[in-house]
2 protein chains.
Amino acid sequence: MNPRIPILKLYNCLLISIQWELDDQTALQFQEDLLNKIHETGANGVVIDLTSVDVIDSFIAKVIGDVISMSRLMGAKVVLTGIQPAVAITLIELGIHLDNVQTALDLEKGLERLQQELGE
Amino acid sequence: MNPRIPILKLYNCLLISIQWELDDQTALQFQEDLLNKIHETGANGVVIDLTSVDVIDSFIAKVIGDVISMSRLMGAKVVLTGIQPAVAITLIELGIHLDNVQTALDLEKGLERLQQELGE
């Protein structure tokens, strides 16, 4: 069984909630799945919710940062939501600032922000 | 690694998209997780999307039917969306009619239907 991360399509947005610790293989599979889904659905917004993630390492952080840049190249705006204190600390300590990544407190706020920016 | 099914909370609803074939253990874990999440969040609507499910067996169908009844007991309305032709055929052939379960074509329509019924 291959535990892929489900990607939900809601209107013009894709919603992803990461609710368990990612291993490297699942993270790379997620990267590929998300880009394919953007291509396939023509979604122009993506919300990645990390509410349930309490540990992150540099590889996973890089994969997430990369997939955000890749999605942007494909024309989709990405908002990262629900980053926990411990995850924020780890990211900054690892030197990963995700400076040009939009964030929001939770899934609802992330989705609202996207809808605003996409002008709907 | 325990591949739990992610449950997303959006406003007063919970969204679940089942995107791989469920084994019995995962299905039972999902049942427990969903009921806990309803209790924890006070959500009064649930959309279970089966768009990506192309095979279903009698045990999984029973678990899904049960969790819908259980959620209803707890005060949450459930809409089942995206049932594929093959799954619909299997369910009826297995004698599982899910008569009192609301259905909709896809996640968007399921969510709209819930919002209507919940009067928002």
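## Sheet of chain A

In this predicted model, strand β2 (residues 13-17) of chain A runs parallel to strand β3 (residues 45-49) of chain A, and five bridges join the two; strands are DSSP runs of E with at least two residues, helices runs of H or I with at least four, numbered from the N terminus. Within this pair, A:Cys13 stands opposite A:Gly45 in β3(A).

The open sheet has five strands in the order β1-β2-β3-β4-β5 (chain A), with mixed pairing, where two strands pair if DSSP finds at least two bridges between them. Because β1 (8-10) and β5 (102-104) of chain A stand at the edges with a single partner strand each, one side of each lacks a neighbour in the sheet.

## Helix packing in chain B

Helix α1 (residues 24-41) of chain B packs against helix α2 (residues 58-73) of chain B at an angle of about 10 degrees, the axes being 10 Å apart; axes are lines fitted to C-alpha atoms, for helices over the stretch in contact, and angles run from 0 to 180 degrees between N-to-C directions. That makes α1(B) roughly parallel to α2(B) (angles under 35 degrees).

## Nonpolar cores

The largest nonpolar core has 62 residues, and A:Ile16, A:Leu34, A:Ile48, B:Ile16, B:Leu34 and B:Ile48 have the most contacts inside it; such a core is a set of buried Ala, Val, Leu, Ile, Met, Phe, Trp, Tyr and Cys residues joined through side-chain atoms within 4.5 Å, buried meaning under 20% relative accessible area (1.4 Å probe, protein chains only).

## Basis

Residues are numbered from 1 along each chain as its sequence is written, and chains are lettered from A and ligands numbered from 1 in the order in which they are written. Local features need pLDDT of at least 70 and side-chain atom pairs count only at pLDDT 80 or more, whereas totals for chains, interfaces and linings use all residues, and side-chain values use heavy atoms, with hydrogens and water left out.

Methods
Parallel < 35°, antiparallel > 145°, perpendicular 65-115°, else oblique. Buried < 20%, exposed > 50% of the residue type's maximum accessible area, 1.4 Å probe, protein only.
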